[in-house]
Amino acid sequence: MSDALPACPECGEAYTYEQGALLVCPMCGHEWTGAAGAPSDSPGATDGIKDSVGNLLADGDIVSVTKTVKVKGGGGGVIKVGTKVRGIRLIADGVGDHDIDANVPGFGRMQLTSSVVKKVAP
């Protein structure tokens, strides 16, 4: 019973599913963080962030970019596949769906999404 997701707080439907760090109701489209209602072993908001292949990420990890990423603003550019990013920091209040704050070589400090990175063994 502990694996069951909570019903939607807006419409009460039980068809809730997880999408990254959010819980989503397909019936009404409501999205919310599961911190209050979802079962969780750890209390932190940034706990449980996974990379593109399902590895659990932590602050200070080294990741590799798995997909070419176009950089918007600040002169633009492209982060190429295979770029290693060292010393990531997980964040809960990123812009849009960004959940990693890191210093990307050649670009400086920026936010990334965990879906475009893969954890690299140290």
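Mentor: Let us begin with strands: helices (H or I, at least four residues) and strands (E, at least two) are DSSP runs, numbered from the N terminus. D101, for instance, lies in strand 9. What you see is a predicted model, in which local features need pLDDT of at least 70 and side-chain atom pairs count only at pLDDT 80 or more, while totals for chains, interfaces and linings use all residues. Residues are numbered from 1 along each chain as its sequence is written, and side-chain values use heavy atoms, with hydrogens and water left out.

Trainee: Why is D101 called buried?

Mentor: Buried means under 20% relative accessible area, exposed means over 50%, and partly exposed lies in between (1.4 Å probe, protein chains only). D101 has a relative accessibility of 11%, which is under 20%, and therefore counts as buried. Of the 122 residues of the chain, 29% count as buried.

Trainee: What makes I100 buried, and where is I100 found?

Mentor: I100 is found in strand 9, which covers residues 100-104, and because its relative accessible area is 0%, I100 is buried.

Trainee: Which residues does I100 touch, leaving out those up to four places away in sequence?

Mentor: Contact means heavy atoms within 4.5 Å. With residues up to four places away in sequence not counted, I100 touches L57, I88, R89, L90, I91, M110, Q111, L112, T113, S114 and V117. On the same terms, D101 touches I88, R89, I91, R109, M110 and Q111.

Trainee: How far apart are I100 and T113?

Mentor: I100 and T113 are 13 residues apart in sequence and 6.0 Å apart in space, C-alpha to C-alpha. T113 has its place in the loop between strand 10 (108-112) and strand 11 (117-120), and T113 is buried because its relative accessible area is 13%. Leaving aside its neighbours within four places in sequence, T113 is in contact with D97, H98, D99 and I100.

Trainee: How do you know that strand 9 pairs with strand 10?

Mentor: Two strands pair if DSSP finds at least two bridges between them. Five bridges join strand 9 to strand 10, which run antiparallel, so the two strands pair. V104 stands opposite G108 in strand 10.

Trainee: What is the strand order of the open sheet of three strands, and what makes a strand an edge strand there?

Mentor: The order is 8-9-10, with antiparallel pairing. The edge strands are strand 8 (89-90) and strand 10, since each pairs on one side only.

Trainee: What makes the second largest pocket a pocket, and how much space lies in it?

Mentor: On a 1 Å grid over the protein atoms alone, a pocket is an open set of points with protein on both sides within 12 Å along at least five of seven lines, whereas a cavity is a set where a 1.4 Å probe fits but cannot get out; lining residues have an atom within 4 Å of a point. About 350 Å³ of space lies in the second largest pocket, where grid points are joined across faces, edges and corners and a volume is the space filled by probe spheres set on the points. Of the 13 residues that line this pocket, V69, K70, V71, H98 and Q111 are the closest to its centre. Strand 10 gives the most to the lining, with three residues.
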